[in-house]
Each structure stands twice: as structure tokens, then as C-alpha cells.
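Please keep the structure in view while reading.

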Amino acid sequence: MNTLTRFSRGERFGGLFLTILMIAGIIASLGFLDDGVAIDISRRLLAPSSAHWMGTDALGRDVLSLICAGAASSLGIGILAVLLGAAVGIPLGLVTAAKGGLISEAVSRGGDLVFAFPSLLLAVLLTAVLGPGAKTTILAIAVFNVPVFARLVRGQCLSLMSRDFILSARMSNRSTAAIAFDHLLPNVAGLIVIQIALQASLAIVAESGLSYVGLGVQPPFASWGRMLADAQSLVSVAPWLVAFPGSALMLAVLSFNLIADAVSRRWSDRTPRLDA
Amino acid sequence: MSYRIEVESLAVEIGNQAIVTGVTFKAKSGEVIGIVGTSGSGKSMTALALTGLLPPGARVSGHIRLDHESVDTRNVSSVRGRRIGIVFQEPATALNPLMRIGDQVAESIQLHSDPSRAGSLATARRLLARVGLPEALVPADRYPHELSGGQRQRVAIAIALAASPRVLIADEPTTALDVTTQHQILALLQEIAAEDGLAVILISHDLAIIRQVSTQIIVMSGGRVVEQGLTDDVLRQPRDTVTRELFKNHVPPFAQASQAIGPAVLQAQHVGRVRHQDRTSRTILEDINLRVHAGERVGIVGESGSGKSTLVRILIGLEAPDSGVVELGGHPFDLSNAARTRRQRQLVQAVFQDPVSSLNPRHSIEKIVGEPLSLLAPVVGEAERASRIRRSLDQVGLGMIRLAARPHEFSGGQRQRIALARALVADPQLLVLDEAVSALDAVTRNEILRLILALWASRGRGFLLVSHDLSVIRSVTDRICVLAGGVIVEEGATEAVLSQPEHPYTRQLVEATPTLFPLGTSTLRKDHADPV
């Protein structure tokens with residue numbers, strides 16, 4: 001209880017909402033909601049009621065069950081894609097900062113190139129080559145996360161490299177890799193956690209966007225983006241088809257941001273100032 | 001008698017805790033008052049109280065009168081800038097990097113007296129010339145980064161003078177500057193006080209600076225004034241223990257000349273370094289020849305820009321020179337020969353200036369101190385490692401600390417001890433002290449120096465001390481190299497060089513070094529130092 005009270009109301013909300021979404025996603029992927037997700041024309045376009053809390057869609061699927069199933073793909077794909085991007089980007093940033101020289105420059109210019117490339121175009125390209133689906137979506141989002149993490153980590157580490165403890169480590173003959181992972185990484189770990197939370201919120205939006213244009217998760221798997229796309233022509237008849245998945249997406253993004261805020265506040269409280 | 005400023009029982013409270021109590025003094029026009037004390041003595045808080053810059057929540061009581069006119073102590077900020085000017089320690093951060101210096105001075109004038117742009121700019125030019133930056137030499141359209149540290153501090157003084165204040169408060173105005181520049185800035189402050197009829201309140205941790213320019217001295221400790229009076233009287237017969245402590249520690253501990261000097265450990269021959277930038281090349285170091293023998297204590301003195309940082313990195317094998325050779329332990333440094341470099345690294349360890357920057361904030365003390373142990377061959381076991389770390393910490397007087405603690409739990413002096421423990425743990429032959437005591441106050445500095453002398457020099461080990469502080473170099477080294485503009489301009493036995501400097505630069509350096517005693521009378525100096 002004591003640990004809970006240290007968090008603000010917003011932070012508690014963020015944590016709670018994401019936990020609920022994750023549990024819902026797990027329940028859905030274990031098959032407990034298969035009845036609700038099944039197509040049943042006899043119950044199409046029902047308004048929210050005690051039987052269907054969030055109503056049903058044009059194919060008679062229960063919207064609440066679809067949102068739970070969508071949570072599995074949105075969160076799963078978003079988080080996996082960010083972690084994948086971070087797993088490549090962080091070591092890249094660390095090593096290029098610790099090593100310096102031409103290779104370091106080349107790698108960061110490469111990152112700029114990715115930044116300059118329209119993300120949707122790349123996603124279309126990947127889909128054309130690999131075919132649409134969850135794996136392609138993860139890859140497309142991950143590619144754009146690599147330079148984000150590489151650049152963040154490199155920038156922070158370059159300023160750390162001018163500190164005397166790096167000179168001391170070099171006098172102890174520590175290798176570039178040891179300096180990167182043993183000396184630099186712990187000093188940027190907090191920033192990385194914050195960035196992961198922020199990127200995850202962007203990634204679930206990206207996932208929904210790709211699904212919305214049909215490049216993401218393919219039926220029969222549910223996705224919030226696809227739900228929104230399907231609801232497009234029915235807004236006036238069945239507004240709940242837009243309201244619920246839209247709110248779920250918005251609240252998930254908000255939750256990730258609240259968590260990033262919480263981490264960054266705690267991190268700066270705890271950390272002795274680096275620039276002192 | 002007309003007083004510029006009168007302060008009566010000034011006190012500062014933060015959260016019902018007294019931070020400063022009972023500060024009382026008066027200053028006439030043209031007078032310089034010095035407030036001296038170690039870090040945490042309350043001297044800076046006093047300055048902030050006088051300028052209304054205290055943190056929120058702080059309460060000020062007492063009386064302040066400017067030109068016999070009472071000022072509300074709770075609202076001093078209303079006269080700040082206009083009647084009280086301030087100069088801070090760090091000129092680099094006091095100025096706006098994106099604004100021309102003339103505009104920065106003019107902005108202050110527009111705010112207080114003359115709102116017209118042309119008029120204020122003309123006044124700004126005059127003020128800049130007044131503080132030694134005439135238009136012909138340093139045009140007003142320069143940006144701060146185009147100026148040296150001393151010139152930037154002059155701009156900061158011009159800004160403080162912009163509203164023609166009656167009182168100028170200077171809080172450690174020369175601490176970030178070189179010795180020769182410090183000398184000039186202090187002279188300028190004194191001149192401004194005399195010619196413009198200001199009262200100057202100079203705050204410093206350095207007794208010698210205060211002695212050099214102030215007529216009255218206030219010694220503070222623990223938020224209280226412990227001694228106060230005419231500077232000459234107080235320094236001739238310091239009554240309070242705090243003053244005596246400051247006085248005694250002003251001089252670094254004196255070390256006898258090294259006895260047994262062995263073969264050369266470190267040798268630099270014709271070392272040169274050129275920096276290429278924007279298609280121009282600048283010589284950083286030129287034809288440096290240097291030798292440190294086993295058991296010998298060598299000092300390198302040089303100001304910022306003299307190339308000493310680059311030289312240190314080359315000497316400890318972290319950078320390769322463009323020309324010449326550095327030999328360590330009888331073999332030239334060759335960074336491509338990994339096995340030999342590893343053996344050579346074990347011979348030399350360094351302590352750097354800033355203990356905040358030299359200890360990784362995320363590492364435990366155990367990890368920090370134990371890092372050089374990876375250099376030892378054969379690799380030491382866990383038990384041996386732990387006992388070596390303990391022993392090393394014991395030696396520097398930190399035997400009791402938790403090994404899992406992080407650097408931020410320690411004071412500056414303790415951190416420097418931790419850095420020293422790290423340098424000693426792998427048993428090197430040569431210690432490089434790169435401005436290792438420059439960031440510490442006199443009392444802490446002397447503790448660390450005594451420690452180094454007792455632990456190290458007394459066992460016949462040598463060190464290379466790099467510093468801009470002549471007094472430290474003078475008391476602990478046998479031989480000195482004076483570095484200026486990337487060249488060693490003078491070299492020889494420390495006492496001989498400093499008592500009879502031949503090169504004009506060395507002479508300038510010796511003359512600029514503030515001292516409590518007339519220079520040249522080194523017998524007096526040694527009376528006050530405790531020999532180790």
C-alpha cells in the first residue's frame with residue numbers, strides 16, 4: 001500500500017489501465033472470448049446493453065470482446081516492436097559513442113537516412129515484400145525505432161565520454177565494449193526506460209494506423225485500427241463502433257505517457273545530477 | 001562619516017533553521033571588504049541575502065542601509081542591479097551566449113537608466129572600455145565565446161556597473177580564472193572602488209586574495225562571524241581558531257626534497273601535438289622533453305590553454321603524440337601493442353581534478369576502487385581483490401565506509417580520497433596528479449596533500465603534479481617545468497626556479513600568485529608549514 005500511495009492519481013490510472021488491457025489481451029488470446037468474437041449475423045449492430053456492454057458490430061461480433069482481442073495485438077505488437085528497435089538501437093548508440101571515429105559518424109548518418117524516409121512508404125514496401133501480417137508490422141515499426149534509440153543513447157553518451165571516469169577506465173585498460181556497457185549504459189538506463197514507454201505509445205498508434213489502411217494485422221485477428229476502419233461508414237448508425245475502440249486507443253496512449261512521466265520524475269529525483 | 005552600505009545583525013533563516021546570524025559591518029566609498037570562510041561557512045548565503053537572491057522560503061532579518069537610507073530586508077531585490085551590483089564566480093554561465101557583449105551591457109542600462117538604444121549602446125561602450133575592454137581591442141559586437149575567461153568576467157563587471165550602483169558584491173569572482181588573470185581582475189575591482197567611489201564586498205575562500213585587496217576582513221564559520229576587523233590586524237594576530245586554521249592551511253604542507261632518485265620511469269622526447277581544425281592547424285605542444293625518475297616529485301605548472309591537459313593525456317598514454325616518443329617503464333608507448341600497453345598501464349595511475357566527474361555516479365565504491373585491479377597479472381582472486389580494496393580505502397582514511405555506497409553520498413574531499421584509493425590499489429610506480437587538489441578548499445586540500453606525501457612520497461615513490469597553483473607546486477615538488485603556449489619555457493629545481501625565475505612568464509606567474517607573506521622570504525613560509 002505504501003508503494004502505491006507514492007504514485008499520483010494519474011500514474012495509478014495509467015498503470016491500472018495498462019494492466020487491465022494486458023489481462024484482457026491474455027484472456028482473449030487464450031480463447032475465452034471466442035464466442036463474442038465469432039460472427040453471428042442475427043445479433044448485428046446491437047446498441048450497448050446488459051448483454052453486450054459495448055454493443056455489436058456489422059457482423060454481429062461483440063465490441064468488448066473485439067477490444068480485448070485487439071488489445072493483445074496492439075500492445076503485443078507495439079511493445080515487441082519497440083523492444084526490438086531498442087535491442088538494436090541501444091548497443092549501436094553505446095558503441096558508436098564509446099568508439100568514435102568514422103564508423104560512428106557513418107552509423108548516425110544512416111540513422112538520419114531512416115528518419116528522412118517516409119515511414120508509411122517503408123511499411124508498404126515491407127508488406128509488398130513480406131506480405132501483410134503481425135510480423136511485418138513489428139518489423140516495420142522496429143526499423144523506425146532503431147535510430148530513435150541509437151540517437152538518444154549516442155547523444156547522452158557522447159557527453160558522458162568527456163568525463164574523467166572514462167579516462168580512469170581507459171587507464172585501467174578497459175575495452176570499448178566494457179566502457180560502453182559497464183560505464184555508459186547504467187548512466188542512461190533511466191532515459192532508456194522513459195523512451196521505451198514513450199515509443200510504445202507511438203508504436204500502438206502506428207500499429208492501429210497500419211491496420212487501418214489494411215497493412216497491419218489481418219482478419220480474423222482483431223485490431224483496433226481495423227475496427228475503426230470497419231466502423232467508418234457506420235458512424236451515424238452505430239457511433240459506439242467508433243467511440244469504444246477509439247477511446248481504448250486514446251487511453252492506452254495516455255497511460256504509456258503517464259508511466260513515462262512517472263519514471264522520469266522518479267529518475268531525476270534519485271539521480272545525482274550528472275552536470276553538477 | 002558617510003557609509004555606502006551599513007549592515008546590522010543580518011540573519012538568514014530557512015525553515016526555522018538559522019543559516020546565517022549576526023553579520024554586521026559598514027563600508028565607506030572606495031573601500032573593499034573581504035568575507036572569507038570555507039565552503040558551508042555562510043559567506044555565499046550572506047551575499048545572496050544582500051542581493052535578495054535567496055531561495056524561496058528563506059527569511060532575512062536585520063537592517064541594511066544604503067547611503068544612510070534604510071532598505072527593506074524582505075525586499076532587497078528592489079534595489080538589486082540598480083543600487084547593488086553583483087558579479088558571480090562563473091563568467092561563462094553569467095553571460096548570454098547568443099547576445100553580443102555590447103547589447104548585454106546596454107540591456108542592463110536600458111532597464112535602469114537610459115531606455116534609448118543608441119544612448120545605452122554608447123554608454124555600454126564606455127563601460128566596457130572602463131573595465132579594460134576598449135572598442136579598439138575588443139569590439140562590443142563580439143559574442144561571449146570569442147572572449148577569454150578574464151575578458152568575460154570583465155563584461156560581467158561592466159553589466160554589474162551598468163546602473164551605477166553604490167555597492168558591488170563579488171562572490172568568488174576569480175576562482176574560475178588563472179592566476180595572472182585573477183591578479184588583473186582583483187586590481188580592476190580595487191580600481192573601480194577607488195575611482196568610482198563604490199563599496200566592494202569581496203567574498204572568497206582564499207585568505208591571500210582578501211589580504212591583497214581588502215581593508216576590512218570578516219571571517220565566517222558555521223553561519224557566524226567569528227572574527228572581524230582591519231585586515232592587517234586580523235592577519236597579524238588571528239585570535240579565533242577558525243582564522244588560525246585558515247591561516248595555517250593557506251600554505252600547503254611542506255615536503256623535504258626527495259632522497260633516493262632512481263632511473264627514469266617516464267620519459268617524453270620531442271613530443272609535439274598539432275590540432276587541425278577548419279583547414280588551419282594550431283600547435284598545441286611543441287618539442288616537449290620531460291623526465292620523471294623513480295621517487296622524484298615533478299611539477300608542471302601552466303594556465304588554461306597552455307596545453308597541459310593534452311600533455312597529461314599523452315604522458316599517461318591515453319593519446320598518441322603527433323611527433324616524438326613517450327617511454328614508460330623503459331619502453332615506448334605504442335597503443336597498437338596491446339599486451340605491452342596493458343603492462344605499462346599498471347605502472348601509472350592518475351587522480352583528476354573534479355571528483356564529481358572522475359567517479360562513475362552509478363558505480364559502487366567497491367567497483368570504482370577495484371577497477372584498476374583488472375590490470376594485474378595474474379588476475380587476482382575474489383578474496384585478494386576485496387582485501388586490496390579495503391586496504392586501499394584504509395590507507396586514505398576511509399576504512400569505515402560501506403563498499404556498496406555510491407559516490408554522491410560523499411563530500412568533495414572524501415570523493416577525492418576515493419579517487420586516490422583507486423589510483424593506489426593496483427600499486428603503480430608513478431602517480432599523476434592532474435590538478436588533483438585544485439577544486440578543494442585549503443583545509444581539505446592540505447589533508448589530501450598530507451595523505452599523498454605520507455602514503456606515497458615517504459615510501460620513496462614519485463609523482464607528477466600538474467597544477468596552476470604555484471604554492472602547491474612550490475611546497476611539494478623537487479623539480480618544476482613551466483609550460484606556456486605549448487612549450488616548456490623554464491625547468492629546474494623548484495625552489496631555484498621560483499625564487500629566481502628567469503623567463504618573463506615565470507616571473508609574471510610568481511608575481512601574480514597571491515600570498516600571505518612577501519614572496520622570496522621562504523623561511524617565513526616554512527615556519528608556518530608542518531614538515532612531513
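Over which residues of chain A does pLDDT stay under 50? The stretch is residues 272-276 of chain A, for which the model has 8 contacts beyond four places in sequence. Here pLDDT is the predictor's confidence in each residue, from 0 to 100, and contact means heavy atoms within 4.5 Å. Where pLDDT is low, the predicted coordinates should not be read in detail. Chain A as a whole has a mean pLDDT of 84, with 95% of its residues at 70 or more.

This is a predicted model: local features need pLDDT of at least 70, side-chain atom pairs count only at pLDDT 80 or more, and totals for chains, interfaces and linings use all residues. Residues are numbered from 1 along each chain as its sequence is written, chains are lettered from A and ligands numbered from 1 in the order in which they are written, and side-chain values use heavy atoms, without hydrogens and water.

**The sheet of chain B**

Chain B has an open sheet of 6 strands, ordered E16-E17-E18-E13-E19-E20, with mixed pairing. Strands (E, at least two residues) and helices (H or I, at least four) are DSSP runs, numbered from the N terminus. Two strands pair if DSSP finds at least two bridges between them. E16 and E20 of chain B are the edge strands, each pairing on one side only. From one strand to the next, the twist averages 15°. E13 and E18 of chain B pair in the parallel sense over 5 bridges. Within E18(B), B:Val466 is the bridge partner of B:Ile300.

Angles run from 0 to 180 degrees between N-to-C directions, with axes fitted to C-alpha atoms, for helices over the stretch in contact.

**The interface**

Contacts link 27 residues of chain B with 21 residues of chain A. The buried area is about 2,200 Å², 52% of it from carbon and sulfur atoms. This is the accessible area (1.4 Å probe) that two parts lose on being put together, summed over both. On the chain B side, B:Leu318, B:Arg362 and B:Glu371 lose the most area to chain A, together 31% of what that side buries.

The two chains share 2 salt bridges. A salt bridge puts a side-chain nitrogen of Lys or Arg within 4 Å of a carboxyl oxygen of Asp or Glu. A:Asp182 forms a salt bridge with B:Lys367, their closest N and O atoms lying 2.5 Å apart.
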